[in-house]
Amino acid sequence: MASHATLKVLTANRLSDGRVVYLGETGWTVAIEEARLIATPDEASGAEAEGARAVADRMVVEPYLIDVETETGGILPASLRERIRARGPSTGHSRGAAA
Amino acid sequence: MYRYDEFDHAFVRDRVAQFRDQVARRLSGELTEEQFKPLRLMNGVYLQLHAYMLRIAIPYGTLSGRQMRKLAYIARTYDKGYGHFTTRQNLQFNWPRLEDLPDILAELAEVEMHAIQTSGNCIRNVTTDHFAGAAADEVDDPRPWAEIIRQWSSLHPEFSFLPRKFKVAVTGAARDRAAIRVHDIGLELRRGPGGGLGFRVFVGGGQGRTPMLAKEIRDFVPEQELLAYLEAIMRVYNRYGRRDNKYKARVKILVHERGLEEIREQVEAEFAELRGGALDVPVEAREAISAYFAPPSFEDLPRTSRILEEARLRDRDLALWVARNSHPHKQPGYVSVTISLKPIGGVPGDATADQMDKVAELAERFSFDEIRVSHEQNLILPHVRKDDLPALHAELKAVGLATPNAGFITDIIACPGLDYCALANARSIPVAQRLSERFADTRRQSEIGDLAIKISGCINACGHHHVGHIGILGVDRKGEEFYQITLGGAPGGENGGEDAAIGEIVGKGFSTDEVVDAVETIVDTYLKLRETPQESFLAAYRRLGKKPFQEALYGR
């Protein structure tokens with residue numbers, strides 16, 4: 001089993017409106033809490049294959065894996081950029097406007 | 001204002017129809033993202049962190065009330081109820097859906113607007129002085145020439161796939177308010193030895209990761225030969241500009257690597273071939289374009305307004321607002337008014353749909369239906385009677401648009417940064433907000449005087465940090481936001497932008513928690529060391545150098 005530090009999720013932008021989405025257990029979701037946790041290289045390959053299929057099916061664009069942490073109970077992206085993608089802008093008229 | 005002719009209408013409508021078809025083919029799977037991306041970018045559509053972003057061209061920053069109302073309508077109908085005015089005098093919507101974009105472009109076409117030339121390696125939307133056609137110190141209105149350049153450059157077949165993007169700015173006054181020295185080409189409209197109009201031409205300026213000031217390549221090009229001269233520069237750039245490395249592809253690198261003299265020789269050789277030919281602008285064509293920009297029907301008014309003077313004595317807020325946010329006009333009895341989009345703690349450049357509608361209404365009532373967007377991310381009503389300033393101020397105050405801070409330390413330029421932008425390394429907007437709150441006190445701002453803070457969230461420098469008196473650059477340091485401070489930059493100023501300067505890095509960067517205190521230390525150091533209250537921050541910095549500021553910041 002991989003350590004927490006190497007947990008990943010697959011993310012992309014939805015083709016129709018560009019919104020941030022994550023690969024969940026049964027499809028794509030806008031809620032990172034519902035994202036499928038990826039712990040092994042095999043799981044990562046499988047997720048990436050699903051991402052490639054979703055690109056071909058015109059559901060998402062540019063899927064990629066991101067590092068996440070789960071120590072706090074939820075799923076928290078490791079990088080600030082991905083935290084902002086998950087939650088929406090940190091300030092202003094669209095503050096928190098995650099999907 | 002310029003009005004579309006039949007050609008313009010047909011051209012923009014055709015482009016909307018093309019894009020509608022391209023979006024349909026993308027959604028149906030006929031086009032891959034790789035195939036679609038260059039097509040959407042040619043229509044101003046980016047994919048940012050959270051959603052698509054649409055960048056709408058506002059040629060030379062000029063809008064009518066009807067156009068502003070349309071932007072408000074789009075903000076309300078297709079976005080989240082606001083828009084963001086940018087340092088390129090454009091407007092960005094942050095949340096449009098791909099499937100709605102053809103309809104949005106069709107809405108824009110109804111009011112003679114589009115998103116062409118807001119992206120890609122073409123000649124971009126031309127920018128100019130936001131007080132053009134109004135400023136007391138203007139030699140002539142630069143907007144007819146900005147429009148002529150727009151018509152020449154739009155879909156120019158030879159220059160649609162340049163090595164990199166290409167930006168042109170024009171000023172009509174010796175005092176540069178259009179930052180011409182940090183553009184690929186900067187043009188200063190001036191009178192030649194015989195009294196005829198023409199242009200002083202600068203080439204090779206820009207910001208980004210390699211900031212450079214443009215160099216004077218010709219001190220005078222007669223106005224009718226401007227397009228021939230511009231075409232000559234573009235040909236030299238298109239032929240020799242580097243295509244092997246995008247970071248070295250801008251014309252500034254070409255000028256730097258080859259030297260100004262060699263570039264000048266090449267340009268002059270091309271110019272000799274082109275001048276006197278089809279690119280010469282006929283007087284009738286020039287006059288026809290200029291007629292669109294004819295001054296409005298100004299009244300003959302006394303230079304001083306009794307109504308305003310009496311109101312100023314009664315209302316301190318009005319007095320301060322007039323002192324900071326009005327600009328001398330060429331017509332006696334009138335001023336240009338800056339509507340600050342920098343409320344204390346607000347997002348620089350943002351305006352809600354309701355505010356846009358209000359500005360449209362006020363432009364119609366008070367400014368001959370004209371609005372300008374400044375590269376400083378504010379709005380301008382260019383032609384306001386001094387008699388109307390008390391009424392205008394009251395209307396603006398009621399909708400949160402009367403912040404009296406034009407040119408003050410809280411009039412901060414900031415790019416969207418990591419809150420929106422896919423390229424950014426750090427956030428810009430929250431830093432701008434915290435600085436604005438720290439220096440909110442109007443008396444303190446007045447004591448500090450003119451001081452421009454500009455913030456970019458990455459090295460691409462959309463927030464113009466290189467030319468900030470205090471520039472702030474957000475960087476990623478091991479996953480944390482850090483902010484590098486530069487001092488002494490300036491975008492333009494007197495005598496064709498000769499005051500322009502690229503700021504100097506003051507020392508090691510500051511964390512998010514430290515950066516506001518660091519700016520305050522710099523400001524306090526300036527206040528302590530300035531010789532008189534009239535000595536501006538920039539003047540004091542140029543006299544003192546960075547050493548006293550380094551000592552204050554780092555204790556050495």
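Guide: Contact here means heavy atoms within 4.5 Å, and the model we are looking at is a predicted one.

Visitor: How many residues does the contact take from chain B and from chain A?

Guide: Taking the two sides in turn, the area that chain B and chain A bury between them is about 2300 Å², with 58% of it on carbon and sulfur atoms. The contact itself takes 30 residues from chain B and 22 residues from chain A.

Visitor: Which residues form the salt bridge across the interface of chain B and chain A?

Guide: The rule finds one salt bridge across this interface, and between the two chains there are also eleven residue pairs in polar contact, both residues being at pLDDT 80 or more. A salt bridge requires a side-chain nitrogen of Lys or Arg within 4 Å of a carboxyl oxygen of Asp or Glu. With the closest N and O atoms 3.7 Å apart, the pair is Asp17(A) and Arg97(B).

Visitor: Within chain B, is helix α3 roughly parallel or roughly antiparallel to helix α12?

Guide: Helix α3 (residues 65-78) and helix α12 (residues 353-366) of chain B pack with their axes 8 Å apart, at an angle of about 170°. Angles over 145 degrees count as roughly antiparallel, and therefore α3(B) is, relative to α12(B), roughly antiparallel.

Methods:
Residues are numbered from 1 along each chain as its sequence is written. Chains are lettered from A and ligands numbered from 1 in the order in which they are written. This is a predicted model: local features need pLDDT of at least 70, side-chain atom pairs count only at pLDDT 80 or more; totals for chains, interfaces and linings use all residues. Side-chain values use heavy atoms; hydrogens and water are left out. Buried area is the accessible area (1.4 Å probe) that two parts lose on being put together, summed over both. A polar contact is a pair of N or O atoms within 3.5 Å; within protein, one must be able to donate a hydrogen and the other to accept it, and residues adjacent in sequence count only if both atoms are side-chain atoms. Axes are lines fitted to C-alpha atoms, for helices over the stretch in contact, and angles run from 0 to 180 degrees between N-to-C directions. Helices (H or I, at least four residues) and strands (E, at least two) are DSSP runs, numbered from the N terminus. Angles under 35 degrees count as roughly parallel, over 145 as roughly antiparallel, 65 to 115 as roughly perpendicular and the rest as oblique.
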